Amino acid sequence: MDMRTRISEAIKQAMKERATSRLSTLRLINAAIKDQDIAVRAQEGDASVGDAEILAILSRMVKQRMESAHAYEEGGRLDLAEHERDEIGIINEFLPRQLTDDEVDAAINEAIARLEAGSIRDMGRVMADLKAQYGGQMNFAVVGPMVKARLCGE
């Protein structure tokens, strides 16, 4: 089942269950996807975003909410921080399982070996390969320095 269908089914279920906060978050997800569809259509004509782009949208939404929750905590607004965390939980239901540290290490080593990467100049190829294979399953802000360290021989 593709991501759009999963989200639509979740919206219908939330409406049946009268889960207002869940429904609100699911509608925000749907709106973000439709906004991206409109942007793509403006550039490429009759096109819409695929599952990979939807995963990127969801990842951005989680990151935004994590930053907001942190800011609310610093400001002493724990109720708003909790609301942001609830939204993160709902969004995470549609994201793939995050890889463990050992799995990330193995994926990096496998990509470097497969691409025969030997220097820092190969970092872009390695990162592109990892993003294509594991998009949404690992935090690339953390993985980037790990790949750089491996390619530099650290």
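This is a predicted model: local features need pLDDT of at least 70, side-chain atom pairs count only at pLDDT 80 or more; totals for chains, interfaces and linings use all residues.
Biologist: Hi! Which residues of α1 are buried?

Modeller: In α1, the buried ones are Met3, Ile7, Ala10, Ile11 and Ala14. They cover an arc of only 105° around the axis, so they sit on the same side of α1.

Biologist: And what covers them?

Modeller: The cover over the buried residues of α1 includes α2 and α3.

Biologist: Okay, at what angle do α1 and α3 pack?

Modeller: The angle is about 55°, and their axes are 9 Å apart. That makes α1 oblique to α3.

Biologist: Which residues make that contact?

Modeller: From α1 there are Met3, Arg4 and Ile7, and from α3 there are Asp51, Ile54, Leu55 and Leu58. Sorted by class, the contact of α1 with α3 has 5 nonpolar residues, 2 charged ones and no polar ones.

Biologist: Let's switch to α3 itself. What span should its 24 residues have?

Modeller: Helix α3 runs over residues 51-74, and at 1.5 Å a residue it should span 34 Å. Its end C-alpha atoms are 35 Å apart, which agrees.

Biologist: What's buried there?

Modeller: In α3, the buried residues are Ile54, Leu55, Ile57, Leu58, Met61, Val62, Arg65 and Ala69. They pack against α1 (3-17), α2 (20-44) and α4 (78-92).

Biologist: Last one: which residues with positive phi follow these helices?

Modeller: After α1 comes Arg18, with a positive phi near 55°. After α3 comes Gly76, whose phi is positive too, near 80°.

Key. Residues are numbered from 1 along each chain as its sequence is written. Side-chain values use heavy atoms; hydrogens and water are left out. Helices (H or I, at least four residues) and strands (E, at least two) are DSSP runs, numbered from the N terminus. The expected span of a helix is 1.5 Å times one less than its number of residues. Buried means under 20% relative accessible area, exposed over 50%, partly exposed in between (1.4 Å probe, protein chains only). Contact means heavy atoms within 4.5 Å. Axes are lines fitted to C-alpha atoms, for helices over the stretch in contact, and angles run from 0 to 180 degrees between N-to-C directions. Angles under 35 degrees count as roughly parallel, over 145 as roughly antiparallel, 65 to 115 as roughly perpendicular and the rest as oblique. Ala, Val, Leu, Ile, Met, Phe, Trp, Tyr, Cys and Pro count as nonpolar, Asp, Glu, Lys and Arg as charged, and the others, Gly among them, as polar. The arc is that of the directions from the helix axis to the C-beta atoms.
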